[in-house]
Amino acid sequence: GMFFLLIIRDSTSVNMNIEETSGNTTTQKQITSTIGAETTAPSVQQEETTKSISINKIRKKHKDKLPFKIKVNRAENFVTVYTLDEKGKYTVPYKTFWCSTGEAVDSTPLGTFEMTERYDWRIMVDGTYAQYAIRIHGPIMLHSIPYTTNSHDALEYWEYNKLGKAASLGCVRLQAGDIKWIYDNCDNGTKVNIYDKPNEKPAIKLPKLRKL
């Protein structure tokens, strides 16, 4: 009788093994199929990470240089932030933003300027308030769309709706989130070049502006 039991025990253990292995293969199969389905997503992420790693490497190499330079196309009312290439020149488009430059001809001066002072909130000549104001040339600043008071809920939405068109008294206006990015990431000394190039397309496609 004992011998008989052993055989049964053996055969069950064999069965169990078979089940286990077949179980493993199915789970493995499932794993590979999910990986297959997801390969598209992670690779994009990977590209982004490798891009930022190489940018950081270049920045380390050119430690003496500020990471960004800003260019404002006065004719087309958009801003491009450039970062450094291998040679330490600002040729790599990093971000693009909509803006509004001066309504009156030449109220926004052409040329290359430098960021000097900055203010979280700043009262403007016309009594409006701007957020994240950065002085670049005399009274000319980069700043947010104007607010009626120094409060986040007092945005002049009618002025916001003019983004992408000339609308200011000479300053360069941007959306609050965009100018905040510049305020946080571009130190004083960062160069700002204002130029005219009609029909220029942004290096990085800009989203369509939604009216408020």
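Q: Okay, what is the bridge partner of Arg122 in E6?
A: That's Ala130. Quick heads-up: this is a predicted model, where local features need pLDDT of at least 70 and side-chain atom pairs count only at pLDDT 80 or more, while totals for chains, interfaces and linings use all residues. Residues are numbered from 1 along each chain as its sequence is written, and side-chain values use heavy atoms, leaving out hydrogens and water.

Q: How do E5 and E6 pair?
A: Strand E5 (residues 118-123) runs antiparallel to E6, with five bridges. Strands are DSSP runs of E with at least two residues, helices are runs of H or I with at least four, and both are numbered from the N terminus. Two strands pair if DSSP finds at least two bridges between them.

Q: Is E6 mostly covered or uncovered?
A: Mostly covered: seven of its nine residues (129-137) are buried, meaning under 20% relative accessible area with a 1.4 Å probe, protein chains only; exposed is over 50%, and partly exposed is in between.

Q: New topic: where does the charged end of Lys71 sit?
A: Over the ring of Tyr195, 5.2 Å from its centre. That label needs NZ of Lys or CZ of Arg within 6 Å of the ring centre and within 35 degrees of the ring normal.
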